[in-house]
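Please walk through this structure one piece at a time. The sequence and the model come next, and the explanation follows.

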Amino acid sequence: MSAPGKTEPTELIARARTGDTQAWGDLYREFAPAIFRFCRRAMPTREDAEDATMEIFMKLRDKLIQYDQTRSFTAWLYKVAANHCWDMLRRRKARHDKDMDDVDDVALECPEPNQLEKLIEERTSEEVRKALDTLGMRARMALVMRYYSDMSYDEIADGLGVRRQFVGVVLLRARHELRQALGENSALAVGGTR
Amino acid sequence: MTEPGMNKDKIANGSHIDEMTLLLYVERQLDREAAQGVSLHTQTCTRCLTLLRALDRESRLLTRSMLEQDEPLPARLAEFQEKVKRNMQWIWGVVFGLAILGVYALYTGYIEPWERQFEQAGFGSTNLLNLVVFQGAFWKGWQSMFSLFEVLAVMCMAGFGLFAFRRYLRRGSALAVLFAGFGVLLAVATPASATEFRKGDTVNVKKGEVVKGDIFATGEHIRIDGDVEGDVYAFAHQVDVTGHINGDLICFAQAVRVSGVIDGNLRAGANNVTLTGSVERNVMVWNETFNLDANGKIGRSLTAGGETLTLDGKIGRDFLGFAESTNISGFIGGSVREQGNSLSIASGAEIDGKTVFKGHKEPNVASDAKLGSPLEFTMLERRHEARGGGYYLWRVIWTGTFILFGLVLASLMPKFAVESVESAGQIGASFGLGVLVFFGVAIGSLIACITIVGLLVGISAFMLWLVMLFAAEVVVGGIVGQWIMGREDEFWPFFLRVVVGIAAVRVVTSLPFVGGWAGFIVGIWGMGAISLALYRRLQPRLAPNIPPAPMPTLSNPLPPNTTVGGI
């Protein structure tokens with residue numbers, strides 16, 4: 001995974017690895033907003049997101065030497081960010097989601113397609129962001145990892161510590177939670193008939 | 001690949017496809033066969049096609065919502081890098097500022113006054129160092145130095161405070177409380193007492209004259225024949241006290257003679273000090289010769305350093321001495337601890353406590369001298385003569401201790417250990433900061449012990465300083481090991497380099513003549529590296545004015561009549 005259209009700052013990274021503070025600053029300038037937004041979506045409060053962003057970049061400085069330059073820097077950066085945010089959330093024991101082992105056989109009701117389309121059409125980005133804030137930690141983190149940082153299922157599984165085949169379930173459940181938050185009174189909230 | 005909730009049978013049966021499968025299809029997570037099944041099905045099933053499109057639109061909505069730059073980068077983050085840069089500049093500014101201040105203080109506090117005194121006193125041919133040390137000009141600057149170190153102590157305290165509250169500093173109230181606290185600390189100043197300044201060739205407090213408060217006198221000859229109800233600070237060629245000083249006498253001169261009475265303490269740096277009167281409290285003198293006359297009396301303890309100490313009078317409590325030659329023929333109410341070349345205890349001497357002497361010669365004790373307990377003597381060996389097998393055995397034992405200490409440190413704080421070693425790689429920064437920490441924290445903690453900051457803080461800071469000093473060799477060993485064997489961040493390879501480095505450092509610090517200096521440099525360097533790593537821990541390093549974020553785009557949706565490969 002990488003950020004499409006984004007040229008990898010290979011030279012900057014190489015210089016930053018040697019301790020060049022200017023290069024490090026440039027790297028920060030380039031990636032801090034994206035990482036902050038990532039944290040803002042993943043963490044419950046703005047202050048948490050700010051703290052997480054700072055800590056991620058501090059961690060990044062230490063870990064930069066471990067970065068494999070043959071791989072995508074952006075992908076690696078998001079992975080570091082996701083791991084850090086998830087660690088923070090786990091440390092707080094604030095997860096609202098059940099462990100994934102519990103959802104092995106959970107059946108998810110399929111929504112009514114037209115109503116789903118209507119709901120998506122009517123909702124603004126801001127409403128979606130507000131709804132995201134109401135989701136459980138795991139659901140939100142999964143959505144952010146997938147739809148913000150474009151992480152693969154393998155990376156999501158690794159980050160969240162779930163089996164790879166459950167990533168789809170986590171995402172689907174997260175979408176259902178989101179729909180419920182978006183339209184409390186909608187029939188979609190409880191799923192339609194198949 | 002089979003996902004939970006995915007139902008291939010339904011695809012095969014021509015029934016509707018479940019949402020899970022459609023989602024996996026949208027996300028390109030199905031293998032080729034399953035994807036083909038979905039593709040075929042959605043060509044004929046409007047409902048599934050609608051749901052597929054809805055899911056895809058939902059994905060796009062999610063991505064768009066998340067990527068939208070709805071709020072600017074917080075100022076705290078935007079200014080982060082600049083703050084750090086500024087802070088680093090500030091740190092270096094402080095270091096170099098202190099260095100410049102030190103040079104300035106050295107000149108104005110020590111050299112310039114000494115030059116003036118030198119001219120006044122007419123010491124044309126005396127050795128400069130001797131004058132600086134024993135004429136008192138050196139000591140004159142201590143008051144200003146204490147002010148400087150008090151500032152350092154407060155700065156250290158501020159650092160601890162900022163560290164303790166760093167997570168809450170963004171909250172204005174916490175910041176206000178913190179600074180208000182320091183404001184109160186600074187506001188609680190010692191009230192100034194009236195101080196009289198006298199200057200001239202001869203400064204005299206005449207007999208019958210009473211000076212209320214402290215007196216600060218400089219000149220060729222200072223005489224205190226009257227009464228001073230306060231402390232006397234005297235800087236002169238000669239100081240004579242025949243009168244009465246209610247407080248302390250702090251003086252720096254070539255010759256100091258006290259035949260009067262001092263109710264407080266006598267602290268003197270001089271060529272020679274003669275005490276024929278009495279000092280009710282303690283005496284601390286650093287001089288070439290100190291003579292406690294038979295009529296002289298010290299109420300409490302004597303601490304003296306110099307070349308020759310003659311103690312014929314009475315000392316109420318203990319005597320601690322560092323002198324080339326010490327002669328005792330008077331009374332000492334407490335113990336004697338002396339280190340030097342020779343000690344002579346003459347007939348008529350009486351020492352009530354223990355007598356301990358470390359020196360190069362056997363002490364000479366008169367048979368009728370009264371000692372509270374048998375004299376304990378330790379023969380001091382010449383430093384380089386001591387480097388026999390035992391010396392090197394102990395060096396090996398200490399090397400093992402350092403390695404164990406390094407192992408403990410690296411185990412307890414692996415990340416911080418690596419950071420400290422990395423910081424040691426920045427030799428200039430580490431060494432510069434090390435000088436500041438080595439001297440600043442040590443003296444700052446001492447000041448903290450005796451000022452408003454408090455004993456507990458002072459002792460804690462000093463203990464921390466000691467730990468850092470001990471750990472310094474481990475840290476420097478780490479970077480030396482990396483220079484020898486190459487960099488490695490994994491624990492055991494990293495530790496192996498620390499071991500090799502410690503061994504190398506110990507070899508260097510064991511060398512005759514240069515080993516001591518090498519150890520000193522290693523201590524400063526390592527302390528600086530640890531401090532730098534600590535500093536970096538406290539400081540996030542980021543940068544402002546960031547351009548728009550990279551916009552990862554969701555994979556293009558697949559037309560219903562196409563298939564995708566599995567992962």
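A helix crossing is left-handed if the near helix is turned anticlockwise from the far one by less than a right angle, and right-handed if clockwise. Keep that in mind for chain A. Note too that this is a predicted model.

Start with two helices of chain A. Helix α7 of chain A covers residues 137-148, and helix α8 of chain A covers residues 153-160. Two packed helices are described by the angle between their axes and the distance between the axes. Here the axes come within 10 Å and cross at roughly 145°. The crossing of α7(A) and α8(A) is right-handed. Which residues make the contact? From α7(A) come A:R138, A:M141, A:A142, A:M145 and A:R146. From α8(A) come A:I156, A:G159 and A:L160. By class, five residues of this contact are nonpolar, one is polar and two are charged.

How confident is the predictor about chain A? The mean pLDDT of chain A is 79, with 82% of its residues at 70 or more. Among the elements of the chain, α7(A) has the highest mean pLDDT, 91. The lowest mean, 83, belongs to helix α1 of chain A, residues 10-17. Over residues 1-5 of chain A, pLDDT stays under 50. The model has 14 contacts beyond four places in sequence for them. Residues 185-194 of chain A also stay under 50. For these, the model has 26 such contacts, beyond four places in sequence. Where pLDDT is low, the predicted coordinates should not be read in detail.

Now turn to chain B. Its open sheet has ten strands, with parallel pairing. The order is β2-β4-β6-β8-β10-β12-β14-β16-β18-β21. Which strands are at the edges? They are β2 (210-212) and β21 (370-371) of chain B, and each pairs on one side only. Look next at one pair inside that order. Strand β14 of chain B, residues 314-315, runs parallel to strand β16 of chain B, residues 331-332. Two bridges join them. B:K314 has B:F331 as its bridge partner in β16(B).

Finish with one glycine. B:G406 lies in helix α11 of chain B, residues 389-412. Is B:G406 buried or exposed? B:G406 counts as buried because it has 23 C-beta neighbours inside 10 Å. Beyond its neighbours within four places in sequence, B:G406 is in contact with B:V474, B:G477, B:V498 and B:I502. B:F495 is 89 residues from B:G406 along the chain, yet their C-alpha atoms are separated by 7.9 Å.

Notes:
Residues are numbered from 1 along each chain as its sequence is written. Chains are lettered from A and ligands numbered from 1 in the order in which they are written. This is a predicted model: local features need pLDDT of at least 70, side-chain atom pairs count only at pLDDT 80 or more; totals for chains, interfaces and linings use all residues. Axes are lines fitted to C-alpha atoms, for helices over the stretch in contact, and angles run from 0 to 180 degrees between N-to-C directions. Helices (H or I, at least four residues) and strands (E, at least two) are DSSP runs, numbered from the N terminus. Two residues are in contact if their C-beta atoms, placed from the backbone, lie within 7 Å. Ala, Val, Leu, Ile, Met, Phe, Trp, Tyr, Cys and Pro count as nonpolar, Asp, Glu, Lys and Arg as charged, and the others, Gly among them, as polar. Two strands pair if DSSP finds at least two bridges between them. pLDDT is the predictor's confidence in each residue, from 0 to 100. A residue is buried if 20 or more other C-beta atoms lie within 10 Å of its own, exposed if 12 or fewer, and partly exposed in between; C-beta atoms are placed from the backbone.
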